[in-house]
Amino acid sequence: MMRMPTRRRFIRISAAAAGLGLLSTGRSVRADVSPAVWRGTMLGAVATMEIHCNDRRRAERLIALACTEARRLERQFSLYLDDSALVALNRTGILVDPTAEMVDLLLASQHYSRLTGGFFDVTVQPLWDLYASHFARDDANPAGPAAAEIEAALARVGSGRMTVGRDRIVMPRGMAVTLNGIAQGYVTDKVVDLLRAHGISQSLVDMGEARAIGARPDGQPWEVGVADPDIAGRTAAVLPIVDRAVSTSGSYGFRFDPKGQFNHLFDPRTGGCARRYRSVTTVSHSATAADALSTAFSFMPEEEIRSLLPRLDIDRVHLIDDAGQSVELTA
């Protein structure tokens, strides 16, 4: 029997294989100041902060403050904390007096769903449950769940059926939300906002998605590496960023079956899994946008992505197609 990971374990597997890495440039930064660096996990993903500040103690206090804020948001958005607001919403179909952040994030999710014609949808959790239970069986059909089962799961998918208001959030019973495709970007943005409000102008934050504040202290861009989907530890591309966020979605992040035909990226319109690209990387002013749209673009043909860029907050898209070839799209 193939052992299925817990939800928490799944998120960590996906984070480890998400396709981004911060690179050493080999250039020196200011010799009189060493950055305050924090590494840990947030929303189940590997997370880092590198804060450049003349006052080391102040930088460390800001890291503690940022971690406290990120943990507060994690307690709302997590699928693996039993007392999270998201778990309560999925259990009952209603959340009364939701926090402003939960409302904002779900409204943003609906916004990106409309912009992408439904390719981004936070209510695909029933598909995850279906595929996980199917491949956990000893006699699992290697061709995947039956068409009727997929159709039944799709009947419970559709973020437009959620009513999101400041006083309550309501969705039909049987629907379930996962914020894994957007929450890490949102938390990254919130941490960046906090640091900027305290006067930080040169830093790097990665709460599962990376976002730079300004340039490096030596004036050069930060560098983010896009992982080679086929060779662990190898970098397929290097993206220079200044005041930008970067997110990668890849079908190689987690696969349900031994042959790797079925992965964690679900097409909300068909119930199938992403196969068009090996990875999709987006660069944006917003980590929230980069996170959501790297997921949505995983299902779109190159021409459709290109046509959408003028309407979206995306500067650049780096695709690695099914043949392993890289394609660059710019707004």
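This note goes through the predicted model point by point.

1. Basis. The model is predicted: local features need pLDDT of at least 70, side-chain atom pairs count only at pLDDT 80 or more, and totals for chains, interfaces and linings use all residues. Residues are numbered from 1 along each chain as its sequence is written, and side-chain values use heavy atoms, with hydrogens and water left out.

2. Overall make-up. The protein has nine helices and 14 strands. These elements are DSSP runs, numbered from the N terminus: helices are H or I with at least four residues, strands are E with at least two. Of the 331 residues, 56% are buried. Buried means under 20% relative accessible area, exposed over 50%, and partly exposed in between, with a 1.4 Å probe and protein chains only.

3. Contacts and surface. Take the contacts between residues at least 6 apart in sequence: 66% of them join residues at least 24 apart. A contact means heavy atoms within 4.5 Å. The accessible surface is about 14,300 Å², and carbon and sulfur atoms account for 49% of it. Areas come from the Shrake-Rupley method with a 1.4 Å probe; for residues, only the protein chains shown count as cover.

4. Cysteines. The structure holds zero disulfides. The criterion is a pair of cysteine sulfur atoms within 2.5 Å. Cys 53 counts as buried because its relative accessibility is 11%. Cys 273 counts as buried too, at 14%.

5. H2 against H4. Helix H2 (residues 56–77) packs on helix H4 (residues 100–115) at an angle of about 65°, and the axes lie 10 Å apart. Axes are lines fitted to C-alpha atoms, for helices over the stretch in contact; angles run from 0 to 180 degrees between N-to-C directions. The crossing of H2 past H4 is right-handed. That label applies if the near helix is turned clockwise from the far one by less than a right angle, and left-handed if anticlockwise. H2 contributes Arg 72, Leu 73, Gln 76 and Phe 77 to the contact; H4 contributes Glu 101, Met 102 and Leu 105. These residues divide into four nonpolar, one polar and two charged.

6. H3 and its ends. Helix H3 (residues 85–92) has these buried residues: Ala 85, Leu 86, Val 87, Ala 88 and Leu 89. Their cover includes H2, strand S4 (94–96), H4 and strand S6 (168–170). Gly 93 follows H3 and has a positive phi, near 80°. Ser 84 is in the loop between H2 and H3. Ser 84 is buried because its relative accessibility is 1%. Neighbours within four places in sequence aside, Ser 84 is in contact with Arg 75, Gln 76 and Ser 78.

7. Most residues other than glycine have a negative phi. Asp 97 has a positive phi of about 50°. Asp 97 is found in the loop between S4 and H4, and counts as exposed at 63% relative accessibility. Asp 243 also has a positive phi, near 55°. Its loop is between strand S10 (235–241) and strand S11 (245–250). Asp 243 is partly exposed, with a relative accessible area of 28%. Both backbone values are worth a look in the model.

8. Thr 281. This residue is in strand S12 (residues 277–284). Thr 281 is buried because its relative accessibility is 0%. The C-alpha atoms of Thr 281 and His 318 are separated by 5.0 Å, although the two residues are 37 apart along the chain.

Key:
Ala, Val, Leu, Ile, Met, Phe, Trp, Tyr, Cys and Pro count as nonpolar, Asp, Glu, Lys and Arg as charged, and the others, Gly among them, as polar.
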